[in-house]
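The structure is shown first, and the description follows.

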Amino acid sequence: MVLEIYQEEVILERYPKTNDASLRAWSNAELMLLEYIKDYPSQKVYTFNDRFGVWNCVLKQRDIKTVVTYASQQKAILKNMDLNSLNFDPNFVNPLDKYIDIDLALIKIPKSLELFELFLHNICKDANENTEVICCFMTKYFTKKMVTIASLYFNIVEQTKAWKKARLMILKSPKKEILSKKMMNSILFKEKQFFQYYGVFSSSGIDLGTQFLLKHLSLRKNEINVLDLACGNGVIGCVIADQNPDTIITFVDDFSLAIASSKINAVNIKSNFIYADTIESLKGSNFDIIISNPPFHFEHENNIEVSLSLFKMVFSCLKNGGRFVVVANKHLNYKTHLIKIFSKVQILNQNEKFAVYECLK
């Protein structure tokens, strides 16, 4: 798709690709923010939640540092920079790193307001008295909690009028007194404490789908090489490792804070950690079993395309006779997709909401 802005044409595509032609690689909220800062003097800019790279591509003349939380986000930005023949190396920053010389920050408010708070907390840690944060969002996703969180970290919180169903929130005068707050949740499950950074899926407790999966899953004696796919805080791999201390667990997730959380939880476990949005690099690994509670949301969108793509990759990563065990909401009807890939698919267990599928290679 071609975006006309700042008297230029910018080519932007979504990654991962989607078959839904109505979905764009930018939102009106991001465009409203770009118009708002068009004449801003600050050349040093931090961007947060620039999922497809619209800000990186349009603001190419500025000194941009991009806080990247997803491996897929980094790929999307690089792909769109390449489409627009932008040959400079982008400056990617881990969300837990120190932010240096942060004068202006741009945030597309994520669906996870915990992640939004983590962004603001870490901005304030390194902010100066003149640091300004401009947040954008579509009005249909607005909640009062956005303002509540912003007010914890900034003395001045102002909102603009709406434009094309989008709005901005301008934050000034950062506070410092709340910075002792830990950006991490603690969850007790099976008499073990699990920790996860703000923004990692299911912060109030272990997801019910994951609990249902673990209740109905037992390792076989020969299942030593295990992949926890879309691992989140790593609870599946950790519980499985308790069944057999000889297991080697590989944790994979697209979200950097999920991998960071898994590393904290997977103590005394033989483990590998991969921060990636695909498992292409694991092709031919001959896993004995791959286990997953895969996501079916992409921010505010319901989207199973990513999961279906992962299912196809799973087949090439299993040994012959290996198992893929996946839990999902029943309404997603994953069995119709899985039987096209695997030689045998059966339902291990189900209730009114979830189904646990066992797929054999």
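This is a predicted model: local features need pLDDT of at least 70, side-chain atom pairs count only at pLDDT 80 or more; totals for chains, interfaces and linings use all residues.

V2 belongs to strand β1, which spans residues 2-5, and together with I11 and L83 V2 makes a nonpolar surface patch of about 220 Å².

## The largest pocket

The largest pocket holds about 1,300 Å³ of space, and among the 50 residues that line this pocket, Y70, F201, P295, F296 and H297 are the closest to its centre. The lining divides into 25 nonpolar, 15 polar and 10 charged residues.

Several elements each supply at least two residues of this lining, including α6 (208-215), α7 and β18 (318-329), while the largest share, 3 residues, comes from α4. Helix α7, at residues 235-243, is itself mostly covered, with 7 of its 9 residues buried; the buried residues are V235, I236, G237, C238, V239, I240 and A241.

## The second largest pocket

About 560 Å³ of space lies in the second largest pocket, where S27, K108, M138, Y141 and E301 lie nearest the centre among 26 lining residues. Two or more lining residues come from each of α1 (28-36) and β7 (127-138), and α1 gives the most, with 3 residues. By class, this lining has 13 nonpolar, 4 polar and 9 charged residues.

## An enclosed cavity

A search of the whole structure finds 1 cavity of 30 Å³ or more, and the largest cavity has a volume of about 50 Å³. R14, P16, K17, T18, F298, N303, E305 and V306 line the largest cavity, and these residues divide into 3 nonpolar, 2 polar and 3 charged.

Methods
Residues are numbered from 1 along each chain as its sequence is written. Side-chain values use heavy atoms; hydrogens and water are left out. On a 1 Å grid over the protein atoms alone, a cavity is a set of points where a 1.4 Å probe fits but cannot get out, and a pocket is an open set with protein on both sides within 12 Å along at least five of seven lines; lining residues have an atom within 4 Å of a point. Grid points are joined across faces, edges and corners, and a volume is the space filled by probe spheres set on the points. Ala, Val, Leu, Ile, Met, Phe, Trp, Tyr, Cys and Pro count as nonpolar, Asp, Glu, Lys and Arg as charged, and the others, Gly among them, as polar. Buried means under 20% relative accessible area, exposed over 50%, partly exposed in between (1.4 Å probe, protein chains only). Helices (H or I, at least four residues) and strands (E, at least two) are DSSP runs, numbered from the N terminus. Patches are made of residues with over 30% relative accessible area and no salt bridge: like charges are joined within 9 Å, nonpolar side chains (Val, Leu, Ile, Met, Phe, Trp, Tyr) within 5 Å. Accessible areas come from the Shrake-Rupley method with a 1.4 Å probe; for residues, only the protein chains shown count as cover. A salt bridge is a side-chain nitrogen of Lys or Arg within 4 Å of a carboxyl oxygen of Asp or Glu.
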